[in-house]
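Let's take a walk through this model together.

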Amino acid sequence: MEVNNQHPSMARLLELQNQVSSLGQQVCAFSGLQSDREYRRLERELSRLQVEVDQVETEGRAQLQQARKRAAQEVEGLLRLLEENATHPSRLAIEELSQEAQRLVDEGVVAPQRAGAAEISDELVDALQELVLRLTQVKTGGRVSLRKARYRALTRLCAVQEVVEGRTRQQTLPLSEDTHAAVQHINQVMVQVSNARSQLVALLMGLSGRDSCAHLSRVLTEMLVELDALDVSDNAAVRNYRKQVVEEINGLLKHLDLEGEGDDTHRYDLAQNDSIRQIEAVRGRVFQLQAEVLRQSQTGELAFRPKAELQGLLTHLDEVDTARNPCIREARRRAVLEVQAVITFLDLWEALARRLPGSEEHPSHRAVWQVLASLSELQAQVLGFDGKRADKSYMMLEELLTKQLLTLDAVDTQGDESTKVARKQAVKIAQNILSYLDMKTDEWEY
């Protein structure tokens, strides 16, 4: 029997579609792998809905058949999307880098700590920084699931990096227990803090199966309570010592809110981030200034020289708050390079305009200046380049810049010191232009 002119089968399909819509939001935001418990749950729920949609009777009615077909297609689409999210090449790249970071931290921090060693090598710090950079370069194509996965991996790795770098710096030194009655207790807390630091690193990298962030947070909070209860009012040195230990504990606690942080959309959807908007505003102004500089340079006279404004934009970028977000840091770094590229172009243009070669100029020195003139022309083309690495113009620019480096390498300075310095500077300029061309075409995204 139909109720309110709606067939029972249609009402059932609408009910199932509501469930599908609810699951759809979860599927779109899913950032894990096929081995994750959440993946299996979503797959199981969608498979159940698929069966229930298929069981709805249509009684041969075209309207019901079409509605059931649409519902079935929606479920099938979500199942495909769920699998794509979990098996996307970029998602697998993020996982591979995360596992590489796990191995590094386990071998360089966790295992040595368990063995009683506390030394952190500079090589480990450099390797972690390299992994952070590689993670920021993983392409997401704007997909929420990939942005979320990349952000979660980055925040944990950067937190570990900060903790590890904190250990490499000089730590708070314990006071003699003869100084004050409370010193023994503070020293004991210091030992616990050292152990907690290692536990935190293991937790952040998924290397601790027993502990949890909540448990470690409680332990650290109890340490703060114990320290606060100590009466050290009569000794300034001990008060300062306690204060330093409290700061170290608070430094660890701030990293323990990462469990739910990746679900906060504004953190990984950086298009809406205020810092990114500031960076993009600076970039927009830089492109305006660059366009005018290039336009005038083509006429042979460069009256427009906005170096003061460009320096001001560098200062503004330096003040942008990155909120410890590596993607924002990378966006700011790239914007700084864009500003510096225009400044370098102006500097080189002015140097060439001021040049007054004398009759006694060393031939090798003249050869270096000829290369610099060519580099100035090539840099103008690089600044205005807006293509891809597969473009012929890109390959031509890369080849011409490489040729200039080879030309510089072939310059015989004949022991002339000024030529040696000029050639070294020219090589650096050429390499920077090549690096900038490479950066412009690496398709990086935040």
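A word on the ground rules before we go on. This is a predicted model, where local features need pLDDT of at least 70 and side-chain atom pairs count only at pLDDT 80 or more, while totals for chains, interfaces and linings use all residues. Residues are numbered from 1 along each chain as its sequence is written, and side-chain values use heavy atoms, with hydrogens and water left out.

Staying with H1, its buried residues are Ser-9, Met-10, Leu-13, Leu-16, Val-20, Leu-23, Gly-24 and Val-27. Buried means under 20% relative accessible area, exposed means over 50%, and partly exposed is in between, all with a 1.4 Å probe and protein chains only. The buried residues of H1 pack against helix H2 (37-54) and helix H3 (62-87); contact here means heavy atoms within 4.5 Å.

Now move along to helix H4 (residues 89-114), where you will find Ser-90. With a relative accessible area of 11%, Ser-90 is buried. A polar atom of its side chain lies 2.6 Å from the backbone oxygen of Lys-139. Leaving aside residues up to four places away in sequence, Ser-90 touches Val-138, Lys-139 and Leu-146.

Thr-155 sits in helix H6 (residues 144-168). Its relative accessibility is 10%, so Thr-155 counts as buried. The side chain of Thr-155 reaches the backbone oxygen of Arg-152 at 3.0 Å.

Helix H8 (residues 213-229) is the next stop. Its buried residues are Cys-213, Leu-216, Leu-220, Met-223, Leu-224 and Leu-227. Viewed down the axis of H8, these buried residues fall within an arc of 100 degrees, so they line one face of the helix. The arc is taken from the directions that run from the helix axis to the C-beta atoms. An α-helix has 3.6 residues a turn, so residues three or four places apart point the same way. Val-225 and Ala-229 are exposed on the other side of H8, while helix H7 (183-204) and helix H9 (236-253) are among what covers its buried residues.

Which residues of helix H13 (residues 326-354) lie four residues apart, about one turn of the helix? They are Phe-345 and Trp-349. Phe-345 is buried at 1% relative accessibility, and Trp-349 is buried at 17%. Another ring pair is Phe-385 with Tyr-394: the centres are 6.2 Å apart and the planes are at 50 degrees, so the pair is tilted. Rings of Phe, Tyr and Trp (its six-membered ring) pair if their centres lie within 6.5 Å; planes under 30 degrees apart count as stacked, over 60 as edge-to-face, and the rest as tilted. Both Phe-385 and Tyr-394 are buried.

Tyr-394 also leads us to Lys-388, which touches Tyr-394, Thr-441 and Glu-443, not counting residues up to four places away in sequence. Lys-388 lies in the loop between helix H14 (363-384) and helix H15 (392-410), and with a relative accessible area of 53% it is exposed. From C-alpha to C-alpha, Lys-388 and Glu-443 are 8.4 Å apart in space, although 55 residues separate them in sequence.

Note on methods
Helices (H or I, at least four residues) and strands (E, at least two) are DSSP runs, numbered from the N terminus. A polar contact is a pair of N or O atoms within 3.5 Å; within protein, one must be able to donate a hydrogen and the other to accept it, and residues adjacent in sequence count only if both atoms are side-chain atoms.
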